[in-house]
Amino acid sequence: MNKQNTSFGERPKHPGLTKFIRKHGLDCDGVQGLKQIWTHCDIKPHIGFLPPELRALVDKKDLSSVTNKFFAELDFLVMDKGEELKHHTEMKYYLTEIGELFNTLCVLETYERMPNLDYAYREWGGAVGDVYKLTFPEIHAEYALKVFKPDVYGYHGHGPLYEIPTAFCANKCEPKKNNPIYMANLFGTQYMLSKWAGGENNIMPEYAYDIASIFQTTCQESHCGNFICGKRIDFGDTYKTDYGRLSYNARKIFRKMENMTSRQIMQLREQQKNNFDKSDFNAAYELYVNFYGNVR
């Protein structure tokens with residue numbers, strides 16, 4: 001945080017909020033830390049960048065302005081059509097203003113409300129938000145627009161202030177395990193735009209229970225509906241593991257230990273040359289002992 005004199009009401013600017021969240025997620029004071037940043041720093045509620053397919057349609061010199069306009073259009077869509085979308089009164093909305101930004105057709109698809117159900121979603125939603133399919137059919141690009149319900153906050157591992165930072169950080173740390181997320185509104189009309197995870201292969205991947213995973217989802221939320229084609233698509237109750245909180249070097253040491261005997265591990269300890277390496281070894285060894293005990 002750039003500490004400036006705020007005695008005359010000027011709030012400090014927070015540089016690189018997207019970069020900060022992708023690197024740290026909720027490590028720094030959790031949801032309350034994000035609220036402190038929002039309260040005390042001069043920042044916009046938007047984080048992220050245009051998806052690669054849309055980015056390719058924009059001249060480099062116009063990238064910033066088009067990104068801001070796209071955010072503004074998504075904000076307006078969620079605010080203006082939120083109630084209507086929630087009740088699934090139509091199957092398709094042709095979004096002319098967004099289409100004109102990229103000179104291509106843009107369509108929002110909703111999931112039809114099922115008869116005799118008291119909730120406004122079926123497969124494309126959940127307890128904290130509704131999901132809509134934002135498509136650009138002429139360039140074969142499909143995205144999931146998750147709109148969070150306004151009365152759901154970042155607590156108990158759910159809600160926008162928990163799920164959005166977790167999604168950005170998890171995708172940055174383990175892109176092969178987590179569905180890409182591109183853009184989000186953290187503090188206004190809260191939503192997130194991610195890649196549409198097509199296909200029906202929603203078998204639980206092996207890494208969901210892997211000790212050496214940076215992020216894991218609680219047992220309660222570890223079900224097939226939250227994983228498609230081997231990637232996590234929902235980030236509720238997803239958290240950084242003890243392994244994930246280790247430094248990069250300590251994680252490498254831990255993975256080596258998993259294939260070593262106790263004697264080899266002690267030899268590895270002797271090979272650590274400086275205090276930084278020794279500290280990383282000790283952190284990795286402590287985690288190893290917690291999982292496997294002193295002897296394997």
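Helices here are DSSP runs of H or I with at least four residues, numbered from the N terminus. This is a predicted model, in which local features need pLDDT of at least 70 and side-chain atom pairs count only at pLDDT 80 or more, while totals for chains, interfaces and linings use all residues. Residues are numbered from 1 along each chain as its sequence is written, and side-chain values use heavy atoms, leaving out hydrogens and water.

Let's start with helix H9. Tyr285 and Tyr288 both sit in H9, 3 residues apart, about one turn of the helix. Rings of Phe, Tyr and Trp (its six-membered ring) pair if their centres lie within 6.5 Å; planes under 30 degrees apart are stacked, over 60 edge-to-face, and the rest tilted. Two such pairs are shown here:

| Pair | Centre distance | Plane angle | Class |
|---|---|---|---|
| Tyr285 and Tyr288 | 6.3 Å | 15 degrees | stacked |
| Phe291 and Tyr292 | 6.4 Å | 55 degrees | tilted |

How accessible are they? Buried means under 20% relative accessible area, exposed over 50%, and partly exposed in between (1.4 Å probe, protein chains only). Tyr285 is buried at 17%, and Tyr288 is buried at 0%. Phe291 is partly exposed at 40%, as is Tyr292 at 25%.

Now for the neighbouring helix. The axes of H8 (residues 262–270) and H9 (residues 275–292), lines fitted to C-alpha atoms over the stretch in contact, come within 11 Å and cross at roughly 160 degrees. H8 is therefore roughly antiparallel to H9 (angles over 145 degrees, on a scale from 0 to 180 between N-to-C directions). Ile265, Met266, Leu268 and Arg269 of H8 meet Phe281, Tyr285 and Tyr288 of H9, with contact meaning heavy atoms within 4.5 Å.

Conventions
Helix = DSSP H or I, 4+ residues; strand = E, 2+ residues; numbered from the N terminus. Parallel < 35°, antiparallel > 145°, perpendicular 65-115°, else oblique.
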